[in-house]
Amino acid sequence: MMIIVLGHVDIAPSDVDDFLNDIEAINPANKAGSGCLSYAVAIADRKAARLLVAERWQDQPSLSAHLARRETGAFVGKWSGRMQGEVLKYDAANERPLMA
């Protein structure tokens, strides 16, 4: 079953560019066979340093493999005390075009 990860993260405004660079370095969409269908972190409000997170995963094992990667663990270790917010995962079924 497809997994959707969605939420927001708040960080210090001075950290936005560093955070986005670190996100790009672990972006699983750049790795063939990762099971990542899409992976995006976007600035919702640069002044407030609120970032939106949106990911689509083929299945839970693909997401679990990404979370278990050394690079992902290093990212979490670096940023865990410097970010707040809410990022949740959802099981997705019945995918279809928006206008259908």
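## Sheet

Two strands are taken as paired when DSSP finds at least two bridges between them. In this predicted model, pairing of that kind gives an open sheet of 4 strands, in the order 2-3-1-4 and with antiparallel pairing. Strand 2 and strand 4 are the edge strands; each has a single partner strand, so one side of each has no neighbour in the sheet. From one strand to the next, the twist averages 10°.

Strand 1 and strand 3 run antiparallel and are joined by 8 bridges. Within this pair, His 8 has Leu 52 of strand 3 as its bridge partner, and Ile 3 stands opposite Trp 57 of strand 3. Strand 1 also pairs with strand 4, again in the antiparallel sense, over 9 bridges. Ile 3 takes part here too: its bridge partner in strand 4 is Asp 91.

## Helices on the sheet

Helix 1 packs on the sheet and touches strand 1, strand 2 and strand 3. The direction of helix 1 makes about 175° with that of strand 2. Helix 2, made of residues 60-68, lies across strand 1, strand 2, strand 3 and strand 4. The angle between helix 2 and strand 3 is about 130°.

## Nonpolar core

The largest nonpolar core contains 17 residues. Val 5, Ile 11, Phe 19, Tyr 39, Trp 57 and Phe 75 are those with the most contacts inside this core. At least two core residues come from each of strand 1 (2-10), helix 1 (16-26), strand 2 (36-45), strand 3 (50-57) and helix 3 (70-79). The most is given by helix 1, with 4 residues.

## Salt bridges

Side chains of opposite charge can pair when their charged atoms come close. The model has 8 salt bridges. One of the pairs is Asp 18 with Lys 78, at 3.3 Å from N to O.

Glu 71 takes part in two of the salt bridges described here, one with Arg 69 and one with Arg 70. The closest N and O atoms are 3.3 Å apart for Glu 71 and Arg 69, and 3.6 Å apart for Arg 70 and Glu 71. How exposed or buried are these residues? Glu 71 is partly exposed, with a relative accessible area of 30%. Arg 69 is buried, because its relative accessible area of 18% falls under the 20% cut-off. Arg 70 is exposed, at 66%.

## Positive phi angles

Most residues other than glycine have a negative phi. Ala 49 is not a glycine, yet has a positive phi of about 60°. Ala 49 is located in the loop between strand 2 and strand 3. With a relative accessible area of 1%, Ala 49 is buried.

Asn 94, likewise not a glycine, has a positive phi of about 65°. Where is Asn 94 found? Asn 94 belongs to the segment after strand 4 (84-92). Asn 94 is exposed, its relative accessible area being 59%, whereas Ala 49 is buried.

Key
Residues numbered from 1 in each chain as written. Predicted model: local features only at pLDDT ≥ 70, side-chain atom pairs only at ≥ 80, totals over all residues. Heavy atoms only, no water. Core = buried A, V, L, I, M, F, W, Y, C linked by side-chain atoms within 4.5 Å. Buried < 20%, exposed > 50% of the residue type's maximum accessible area, 1.4 Å probe, protein only. Salt bridge = Lys/Arg side-chain N within 4 Å of Asp/Glu carboxyl O. Axes fitted to C-alpha atoms, helices over the stretch in contact; angles between N-to-C directions. Contact = heavy atoms within 4.5 Å.
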